[in-house]
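Welcome! Let's walk through this structure together with some questions and answers.

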Amino acid sequence: MDESVKRAVARGLAWCGPFFVVTIIYTWGILGHNVPPPNMMALTPQELVDSYYAKYPEVATGMIGAATFGLFYTIWSCQLASMMRDENGQLGALSLMEVAGGILTGWLFAFCSAMWAACSLLVHQVNPEIIKMVHTFTWCIFDCTYMITTMQMFGLGLWTILNKRQTIFPAWAGWVTIAIGVGFVPLVIMPFVTDGPFAVNGLWNFWIIFSTWLFAFFGVYNFYVLKHVYRSPEEQKRVAGQFAAA
Amino acid sequence: MDQRDALKAGLERQPGTNGIWTFVFIDMIVFSLMFLVFLSEKIRLPKIYAAGQAHLDFRIGLTNTLLLITSSLFMADAVASTRRRSVVAVRRNLLACLACGGAFCVNKLFEYHAKLSAGLSPAHNSFYSFYFFITGAHFLHVIGAMIFFIHCMRQNELQMVQPGYRRKLENVGLFWHFVDLLWIFIFPLLYLTRGA
Amino acid sequence: MIMRLLDHNIRIWGVLVILTLASVSFAELTNWHVAAVVAIFAVAVVKAQLVAVNFMETGHALPHWNWLYRVWIAAIGCLLCGGTILSMYR
């Protein structure tokens with residue numbers, strides 16, 4: 001692949017980040033009526049169906065859309081990982097943690113959205129108990145496997161902080177990323193509470209976690225990734241802290 | 001050039017590296033969010049919070065406060081000792097910090113055990129979710145700092161007189177004083193305003 | 001000079017202990033709820049500022065850190081005090 005093609009590919013992949021943000025907010029958030037999601041632990045099966053799936057038939061469309069656009073997170077994570085190289089240009093363990101987390105997070109968006117789409121499509125054909133079971137099962141998978149994204153953020157954050165030669169990402173962004181990754185831990189409480197900040201739609205477990213993840217982590221790193229892919233190749237090597245070619 | 005020289009001089013004079021000051025500040029923001037959400041819940045459910053706080057023993061909180069304040073003294077002395085290259089004093093003060101931290105941990109674990117044995121788990125109600133969340137996050141910071149104490153104590157005498165060691169200990173010190181700072185606010189928030 | 005510094009640290013420690021015991025007495029011995037809450041958190045802010053200035057040495061840090069840390073302490077004190085008082089009237 002010649003240099004100009006490589007640069008074009010990198011830029012295209014980098015733009016998958018903002019594309020993911022816009023599409024997921026629209027499909028998963030707005031069409032999917034997940035801002036905030038229904039508090040299924042506090043609802044009976046019939047209440048869940050009446051207040052959410054039966055009330056908003058567009059949830060099916062939104063979730064199928066989210067199942068597609070969710071994987072753009074993975075594409076962006078791959079581009080990010082390709083930038084996280086050591087001084088000798090190799091991908092280290094932290095880069096692999098980042099990409100592994102990015103792959104699994106994207107998969108979660110796709111898989112869970114598809115499950116919720118199925119609930120929406122079958123709401124008039126299947127018992128409310130089954131709908132609630134699948135809905136809750138999916139939210140437990142979506143929320144309680146937070147370590148997937150925490151792992152990604154730790155890999156990225158630690159690489160940002162510990163790689164003193166690189167100036168692609170500022171150190172404060174690395175610290176913020178690690179802090180946000182740790183902030184996911186209260187998601188373990190989600191299945192056990194029916195109200196309050198740690199419920200599925202709670203102030204901490206929904207509003208704070210999702211907004212910090214999307215804007216303070218993803219938004220910030222998107223900015224620096226885009227800035228980087230528009231640099232010249234020489235400048236890219238310099239800010240990445242890689243040795244200049246002989 | 002003058003601005004860069006001034007920044008360089010400022011960084012030289014600053015205890016610890018810029019990274020630790022950044023990290024601690026971000027940690028401050030995270031705990032601010034925790035406090036904010038705690039208070040929003042307390043305002044929403046005042047009776048549940050009053051009942052929960054009434055179950056807390058302020059003497060445990062007071063003991064922990066005094067332990068952390070005392071350990072902060074030892075840490076400040078450890079940093080002062082490293083600046084005058086007194087290796088024996090550094091080790092002694094770090095050991096004292098470790099002892100205070102260990103006593104705090106034991107106290108905390110007893111308190112958690114008492115609560116859990118009484119069926120008061122993080123899922124019991126909103127207050128206990130926060131009680132375990134806030135004190136648990138703080139507890140993890142204490143454990144993390146103790147690991148750093150052990151790491152600093154394990155350096156040999158030659159390493160301990162290097163300028164890099166002084167910086168490292170200042171970093172650890174700043175983090176430990178932040179742990180103390182957090183508890184200075186957590187103690188009254190959870191243990192002292194019980195009647196409120 | 002180091003002995004004077006150590007003495008200084010011990011003095012700060014002594015003040016912190018006294019302030020801690022004072023705040024406990026406000027909480028345990030008074031029925032002036034709002035006044036007690038204000039006093040308790042005012043003491044917490046004073047203690048935190050003492051730790052920040054004397055132990056963390058924020059005065060020797062870069063100016064923006066000094067400012068941010070001291071402002072955070074004041075802001076958190078106000079937040080906790082205000083929030084606690086608000087919860088008393090719900």
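Q: Which residues in helix 2 of chain B meet helix 8 of chain A?
A: This is a predicted model, and everything here is read from it. On the chain A side, helix 8 brings A:A171, A:W172, A:W175, A:V176, A:A179 and A:G183 to the meeting. Their partners in helix 2 of chain B are B:G19, B:T22, B:F23, B:I26, B:D27 and B:V30.

Q: How many residues in the contact of helix 8 of chain A with helix 2 of chain B are nonpolar?
A: Sorting this contact by class gives 3 polar residues and 1 charged residue. The remaining class, nonpolar, has 8.

Q: Which helix gives the largest share of the side of chain B that touches chain A?
A: Chain B has 15 residues in contact with 17 residues of chain A. Two elements of chain B give two or more residues to that side, helix 2 and helix 6 (126–153). By class, the side has 8 nonpolar, 5 polar and 2 charged residues. The largest share, 10 residues, comes from helix 2 of chain B.

Q: How many helices are there in chain B?
A: Read along the sequence, chain B follows the pattern α-α-α-α-α-α-α-α. There are 0 strands in chain B, and the number of helices is 8.

Q: What percentage of the residues in chain B are buried?
A: To count as buried, a residue needs 20 or more other C-beta atoms within 10 Å of its own. Chain B has 196 residues, and its buried share is 44%.

Q: Are helix 2 and helix 8 of chain B roughly parallel or roughly antiparallel?
A: Helix 2 of chain B (residues 18–44) and helix 8 of chain B (residues 163–192) have axes that come within 10 Å and cross at roughly 15°. Angles under 35 degrees count as roughly parallel. Therefore the description for helix 2 and helix 8 of chain B is roughly parallel.

Q: Which residues of helix 8 of chain B make the contact with helix 2 of chain B?
A: The crossing of these two helices of chain B is right-handed. Helix 2 of chain B takes part through B:I20, B:V24, B:D27 and B:F31. The residues of this contact divide into 7 nonpolar, 1 polar and 1 charged. From helix 8 of chain B come B:N171, B:L174, B:F175, B:F178 and B:L182.

Q: Are helix 8 of chain B and helix 2 of chain C roughly parallel or roughly antiparallel?
A: The axes of helix 8 of chain B and helix 2 of chain C come within 9 Å and cross at roughly 175°. An angle over 145 degrees counts as roughly antiparallel. So helix 8 of chain B and helix 2 of chain C are roughly antiparallel.

Q: Which residues of helix 2 of chain C are in the contact with helix 8 of chain B?
A: Helix 8 of chain B contributes B:H177, B:D180, B:L181, B:I184, B:F185, B:P188 and B:L192. By class, the contact has 12 nonpolar, 1 polar and 2 charged residues. Helix 2 of chain C supplies C:I40, C:F41, C:A44, C:K47, C:A48, C:V51, C:A52 and C:F55.

Q: Which helix of chain C gives the most to the side that touches chain B?
A: Here 39 residues of chain C are in contact with 39 residues of chain B. Helix 1 (2–29), helix 2 (33–55) and helix 3 (63–88) of chain C each supply at least two residues of the chain C side. That side has 28 nonpolar, 8 polar and 3 charged residues. With 12 residues, the one that gives the most is helix 1 of chain C.

Q: Which chains have the most contacts between them?
A: Chain A and chain C do not touch, and their nearest C-alpha atoms are 14 Å apart. Among the 2 pairs of chains that touch, the most contacts are between chains B and C.

Methods:
Residues are numbered from 1 along each chain as its sequence is written. Chains are lettered from A and ligands numbered from 1 in the order in which they are written. This is a predicted model: local features need pLDDT of at least 70, side-chain atom pairs count only at pLDDT 80 or more; totals for chains, interfaces and linings use all residues. Axes are lines fitted to C-alpha atoms, for helices over the stretch in contact, and angles run from 0 to 180 degrees between N-to-C directions. Helices (H or I, at least four residues) and strands (E, at least two) are DSSP runs, numbered from the N terminus. Angles under 35 degrees count as roughly parallel, over 145 as roughly antiparallel, 65 to 115 as roughly perpendicular and the rest as oblique. A crossing is left-handed if the near helix is turned anticlockwise from the far one by less than a right angle, and right-handed if clockwise. Two residues are in contact if their C-beta atoms, placed from the backbone, lie within 7 Å. Ala, Val, Leu, Ile, Met, Phe, Trp, Tyr, Cys and Pro count as nonpolar, Asp, Glu, Lys and Arg as charged, and the others, Gly among them, as polar. A residue is buried if 20 or more other C-beta atoms lie within 10 Å of its own, exposed if 12 or fewer, and partly exposed in between; C-beta atoms are placed from the backbone.
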